[in-house]
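I wanted to go through this fold with a notebook open. Here is what I looked up, entry by entry.

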Amino acid sequence: MFNPSLPSPFSRAIECLGFGLINKVFLDFGISWWKPSTKGFQLLWKEETFCNKKLAAWTRDMTGFDVLPNHEGILLGWVGGRGAYIVETLSEQQVATDCENLLKHYLKFDKIFPVKKCLRTQWNANKYVRGSYSHITTRCDVDGITPCCLAEPIWGKTKKKYDKDVPIMMFAGEATHESFYSTTHGAYDTGVKQAQTFLRYHVTKS
């Protein structure tokens, strides 16, 4: 991907850091059928649960549904594992039906309103993303790799600045934040930091 190749510490960090897939499922019921104090429904699975053939296999990877504050009648579901890939291949109508069946099974409540609108993310299908969250792998622990390994600039000389090294390549994003990796604010913070570094070395003050 890089020509010339990246310095080995950067290549090793990219190879060691993990990048996985989590997708979100937004279910709009139009009106809340749950109690006002409800924060969400978290799912604890038993091995024998999937003897129930009424449940779609991919929903085994649903971890739960959160009530969205200030959004009447909307639940946000989280799906990882194989289910995160499978849900991207289904129609949103099918996703809605499968989630309705799952909620009815778990809550033992058949009077759940039908989903009016369903929206699910497709982070793996996005050719510019191919995933959603970075994570620290066991290989990182063995090799002493942390997200900040990618946060350091790659230094070199440019035609305009032969006398000293300047940052010629910098990485930003949630995977480069030492404390807030896997978060939006972590991605934002690293972008701001790297932009400030670039301006300090490459923009001449008038």
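My notes follow, starting with the ground rules.

**Ground rules.** This is a predicted model, so I kept local features to pLDDT of at least 70 and side-chain atom pairs to pLDDT 80 or more, while totals for chains, interfaces and linings use all residues. Residues are numbered from 1 along each chain as its sequence is written, and side-chain values use heavy atoms, with hydrogens and water left out.

**Helix α5.** I took helices and strands as DSSP runs, numbered from the N terminus (helices H or I, at least four residues; strands E, at least two). Helix α5 covers residues 184-202, and I checked its length: 19 residues at 1.5 Å each should span 27 Å, and the end C-alpha atoms are 27 Å apart, which agrees. The expected span is 1.5 Å times one less than the number of residues.

Which residues of α5 are buried? I found Gly-186, Thr-190, Gln-194 and Thr-197. They sit on the same side of α5, because they cover an arc of only 55° around the axis; the arc is that of the directions from the helix axis to the C-beta atoms. Buried means under 20% relative accessible area, exposed over 50%, and partly exposed in between (1.4 Å probe, protein chains only). Thr-184 and Tyr-188 are exposed on the other side of α5. The buried residues pack against β9 (166-169), where contact means heavy atoms within 4.5 Å.

Most residues other than glycine have a negative phi, and most peptide bonds are trans. I noted the Asn-3 to Pro-4 bond as cis, with omega near 5°; Pro-4 lies in the segment before α1 (8-16). Lys-108 has a positive phi of about 55° and is exposed at 66% relative accessible area. Ser-182 also has a positive phi, about 70°, and is found in the loop between β9 and α5.

**Salt bridges.** My search of the whole structure gave four, counting a side-chain nitrogen of Lys or Arg within 4 Å of a carboxyl oxygen of Asp or Glu. Glu-92 and Arg-120 meet at 3.4 Å, N to O. Glu-92 is in helix α3 and Arg-120 in strand β6, so this pair ties together parts that are 28 residues apart in sequence. Arg-120 is buried at 11% relative accessibility, whereas Glu-92 is partly exposed at 27%. Lys-157 pairs with Asp-165, the closest N and O atoms being 3.0 Å apart. Glu-15, Arg-139 and Asp-143 are linked in a network of salt bridges.
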